[in-house]
Amino acid sequence: MPTVATPLPTRREDLMARLAQDQTYDLAVVGGGATGLGVALDAAARGLRVVLVDSHDFAKGTSSRATKLVHGGVRYLAQGNISLVREALHERTTLLNNAPHLAQPLAFVMPSYQWWETPFYGAGLVAYDALAGKAGLGRTEFLGRNAALKLLPTAQPQGLKGGVKYWDGQFNDARLALALARTAATKGALLVNYCRATDLIYIDGKVQGVLCEDALTGQQYPVKAHCVVNATGVWVDELRQKDGDANAADGRQTTKPMVAPSQGVHIVVDREFLGGDTALMVPKTADGRVLFAVPWLGKVILGTTDTPRHDLAREPVAFEEEIAFILSESARYLRRAPTRADVKSIWVGLRPLVKPQDDDGNSTKGISREHTVLVSRSGLVTVTGGKWTTYRAMAEDVLEKCAEKQLLPRRPAGVTVHLKLVGATSGSGAVQSVSLPSGLPSYGDEQHVVGGMPGSEVELAPGLTEGMVRFAARYEYAVTVEDVLARRSRLLFLDAALAIALAMRVGVILQEETGLPSRPEEFTALAQQYLLS
């Protein structure tokens with residue numbers, strides 16, 4: 001059996017000491033979400049010297065707030081975007097293969113309440129299979145009424161004609177982001193969370209680095225790099241504006257925004273509302289949106305909305321009409337209608353949709369999820385758009401553009417196609433459906449390390465032990481209670497009230513490990529927003 005590598009320590013003192021060293025990196029990445037982490041990993045895997053900084057925690061923004069689906073995008077097929085769907089379907093399989101402890105296939109049923117729905121949607125899903133080709137996860141099946149109810153026992157039986165079963169993938173988004181960060185670190189990359197890029201460094205009018213500020217101490221760190229990639233998601237326009245101002249001939253100039261933020265709301269209820277491990281998908285709700293009911297980590301996610309939003313809040317809050325929409329639409333398709341009292345957690349993510357230059361941002365449902373890579377006159381590379389499933393392909397596109405503009409040396413692509421992420425390195429069989437409660441299996445082949453941590457026998461909540469908190473502090477960059485309960489564990493996203501109850505206890509353990517303020521009070525205030533009043 002292959003030897004499993006010892007986890008790399010992530011002591012913040014050591015990370016900041018490395019950042020303070022006088023050296024010039026090949027690449028500095030700003031933004032520790034799916035896109036930035038994917039770029040950092042790909043570049044490091046090609047042998048480049050890489051540093052990545054994030055103003056908050058890795059995946060604090062959109063990348064921890066997905067619908068948890070690794071998918072080709074059935075609705076993008078309906079929009080006629082064949083190339084995006086084909087790429088995403090193949091990337092889906094790559095992701096499932098490289099992180100089997102965090103992402104697995106998931107069966108979906110699209111119920112039919114009109115006679116024409118099964119043949120109509122079924123034909124589209126057969127085309128979906130055809131586009132996947134050898135990368136397919138399972139064959140689409142046309143279901144009669146009884147077969148549909150067997151897979152979806154809590155579906156509304158009245159008027160049900162049948163359905164279509166198809167396959168996609170599901171994953172634990174925040175932990176996958178962490179796996180990308182930790183895998184990049186094994187390739188020599190330096191990754192630092194809670195370190196904001198406050199400005200760009202220029203030499204002869206060209207971007208040659210970033211000025212960073214430690215969010216915990218206020219200390220500043222100039223970081224030199226031949227190439228800087230702006231991968232800050234919905235916030236990319238902030239750094240683009242700084243770059244535009246620095247290069248304006250006559251003072252401040254307006255840099256035209258490239259992102260039209262769209263808000264997606266997700267509501268979590270108990271597993272009993274779905275009653276099984278098959279997800280429900282409604283392709284067209286009352287207002288034309290898609291509705292999912294997805295089993296995830298022992299709960300059920302209901303969502304999602306698609307609402308234009310013009311502010312860029314770090315913690316966006318659901319609008320009342322969005323909550324009402326999800327609950328009322330769920331009531332149309334589930335035997336027992338979930339109510340506000342049933343909601344265990346509610347979270348909101350901002351999607352970085354790239355808008356056409358003549359778009360006013362007031363409608364986002366028709367905007368493509370394709371990504372865009374731009375290079376400014378000063379050499380700042382900006383990437384935004386896309387979706388989790390295609391993070392790896394996006395990273396390759398970014399590095400190709402960097403090489404094309406001679407900002408980075410050209411190195412062969414494809415190095416991450418078969419690169420197993422941390423936790424999957426030995427190919428061990430520690431795979432568990434992510435629709436089941438989390439716990440040791442989500443650590444893959446690091447389970448023995450986690451199980452050997454002090455306090456590993458002390459359970460704080462189902463799927464969370466004291467040992468896991470200590471592992472998060474020592475090897476997973478965790479600094480605050482929020483880092484642990486929102487992203488190392490997903491408890492905040494599953495049961496906000498339980499997460500609040502554990503905040504002080506987790507804070508004590510974290511402070512013992514790191515010596516840094518763990519901020520349990522801040523977490524408690526934040527977590528209140530995940531509860532419905």
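Helices (H or I, at least four residues) and strands (E, at least two) are DSSP runs, numbered from the N terminus. The model shown is predicted, so local features need pLDDT of at least 70 and side-chain atom pairs count only at pLDDT 80 or more, while totals for chains, interfaces and linings use all residues. Residues are numbered from 1 along each chain as its sequence is written, and side-chain values use heavy atoms, with hydrogens and water left out.

View 1. Helix H7 covers residues 173-186. At 1.5 Å a residue, its 14 residues should span 20 Å, and the end C-alpha atoms are 20 Å apart, which agrees; the expected span is 1.5 Å times one less than the number of residues. H7 is mostly covered, with 13 of its 14 residues buried (under 20% relative accessible area; exposed is over 50%, partly exposed in between; 1.4 Å probe, protein chains only). Gly188 follows H7 and has a positive phi, near 100 degrees.

**View 2. Helix H13 against helix H15.** H13 (residues 481-488) and H15 (residues 496-514) pack at an angle of about 125 degrees, with their axes 8 Å apart. Axes are lines fitted to C-alpha atoms, for helices over the stretch in contact, and angles run from 0 to 180 degrees between N-to-C directions. H13 is therefore oblique to H15 (under 35 degrees is roughly parallel, over 145 roughly antiparallel, 65 to 115 roughly perpendicular, and the rest oblique). Val481, Val484 and Leu485 of H13 make the contact with H15 residues that include Ala499, Leu502 and Val506; contact means heavy atoms within 4.5 Å.

**View 3. Helix H12 against helix H15.** The axes of H12 (residues 466-475) and H15 come within 9 Å and cross at roughly 40 degrees. That makes H12 oblique to H15. On the H12 side the contact includes Val469, Arg470 and Ala473, and on the H15 side Ile509, Leu510 and Glu513 are among the residues. The classes here are 5 nonpolar, 1 polar and 5 charged residues.

**View 4. Ile509 in helix H15.** Ile509 lies in H15 and is buried, with a relative accessible area of 5%. Not counting residues up to four places away in sequence, Ile509 touches Leu460, Glu466, Val469 and Arg470. Ile509 and Ala473 are 36 residues apart in sequence, and their C-alpha atoms are 9.1 Å apart in space.

How values were computed: Ala, Val, Leu, Ile, Met, Phe, Trp, Tyr, Cys and Pro count as nonpolar, Asp, Glu, Lys and Arg as charged, and the others, Gly among them, as polar.
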